[in-house]
Amino acid sequence: MPQKKRSPSQPQEATGQHQRSMLLMATAVVVVLVAIAARNQFDDEKDIFVPADFTAVEEHVLTSPNFIQKHEIEHVLRLISENGGWEASRTGNGDWLVPKNQKKLASKFNQDPIIRDIELRVANYTGIQPHPHEDMLNVARILPRKEGGKIRGGYYFPHGLHHETDTRPHRSKTIIMYLKQPTSGGRTAFPLLGKRTRGAEDLEQDLQSQFSYHENHYSRHVSFDPTLDHPYNTHFEKTCRGQSAVSIEPKAGTAVMFHSSFGLNPKGDEYLYNLPAWHCGCNVLEGEKIIMTKFKEVPMNKRPRRSANMNDGQYIPWVDDVHE
């Protein structure tokens, strides 16, 4: 478990809570305005699919129940099948699969009109237009773990817990699209939001102690042994069961959108990160879950001034070691 730090003073907590509330209020307004603009653009072009607007689940987490259509899902899966199918990720323990021949598939995605429509839809709702310094659409297929329901009935975090900016500090917003829903399990969990299970009151403080910056390569990922009897694991179990915090049940066609940062600080040398946005994918109990994720990154001309020293030009089209 992350090592505890002494709690900050009450005035500092109140100030932080006030600043966070102000940021979230401003963000909610921006999201609404972006959604309205997107709806207007789609309405002007009658041949373009109009998804349901995003609605807030809790603070910065929003969902749209039919963001991606059935024929679009089938098209994406067909492209992957024709390109060689799936293979185990290097870091997924055999239950996390990624498309084979990813560079070749990325080239096909770049030229595909249906993929382009999805990219533009994501851009309109996030307010960040496509640019060359962001990842391609990321597709993953998640299977049940071999140990199945032996650990906490199967309700735990198999891939740990992370902030979306883990080693990728320029990520600002994320949209996760569910292409296939499992028979059971597989929720997307945000354990710092909503109701906290008794005994997990210090979870946020402990996670923030693991939130590193450039001196430690922006490492923002932690792992928990689900077999241990600890209040945090109890909280995670209840979150995966839908009984605590915030967790989204994966349903085909639905999309989840959330913020990782809210622009730059007054000095312009670092992002204002959405610290409670730590999240993960719960274990798939039965069936399989297929997700397609778009990590929207801040365009180059809006990044912190010192970002020239952060290897900005070194991007890969697929990221197979970030688990949702």
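Start with strands β2 and β12, which pair in the antiparallel sense over three bridges. Strands here are DSSP E runs of at least two residues, helices are H or I runs of at least four, and both are numbered from the N terminus. Two strands count as paired if DSSP finds at least two bridges between them. This is a predicted model: local features need pLDDT of at least 70, side-chain atom pairs count only at pLDDT 80 or more, and totals for chains, interfaces and linings use all residues. Residues are numbered from 1 along each chain as its sequence is written, and side-chain values use heavy atoms, with hydrogens and water left out.

**Stop 1: around β2**

Select T63. The bridge partner of T63 in β12 is V256. Now show the side chains of β2, residues 61-64. V61 and T63 point one way, L62 and S64 the other way, and all are buried. Buried means under 20% relative accessible area, exposed over 50%, and partly exposed in between (1.4 Å probe, protein chains only). In a regular strand the side chains alternate between the two faces of the sheet.

Move to β1, residues 55-58. Three bridges join β1 to β2, and the two run antiparallel. A56 has L62 as its bridge partner in β2. Two residues lie between the strands of this hairpin, where E59 takes a positive phi near 50 degrees.

**Stop 2: the largest core**

Select V76, F109, V139, M177 and M292. They have the most contacts inside the largest nonpolar core, which has 27 residues. Such a core is a set of buried Ala, Val, Leu, Ile, Met, Phe, Trp, Tyr and Cys residues joined through side-chain atoms within 4.5 Å. Elements giving two or more residues to this core include α2 (70-82), α4 (113-126) and β7 (171-180).

Center on M177. Leaving aside neighbours within four places in sequence, its contacts (heavy atoms within 4.5 Å) include F67, I118, V122, L137 and I290. Another core, of 22 residues, lies apart from the largest one; L161, L207, V222 and Y273 are among its residues.

**Stop 3: helix α4**

What caps the N-terminal end of α4? Select D112: a side-chain oxygen lies 3.0 Å from the backbone nitrogen of I114. Buried residues of α4 include I115, I118 and V122. Just after α4, G127 takes a positive phi of about 80 degrees.

**Stop 4: an open sheet**

Show β11, β9 and β15. These three strands form an open sheet in the order β11-β9-β15, with antiparallel pairing. β11 (246-248) and β15 (280-281) stand at the edges with a single partner strand each, so one side of each is left without a neighbour in the sheet. Finish on A189, which stands opposite S247 in β11.

Methods:
Polar contact = N/O pair within 3.5 Å; in protein donor to acceptor, adjacent residues only side chain to side chain.
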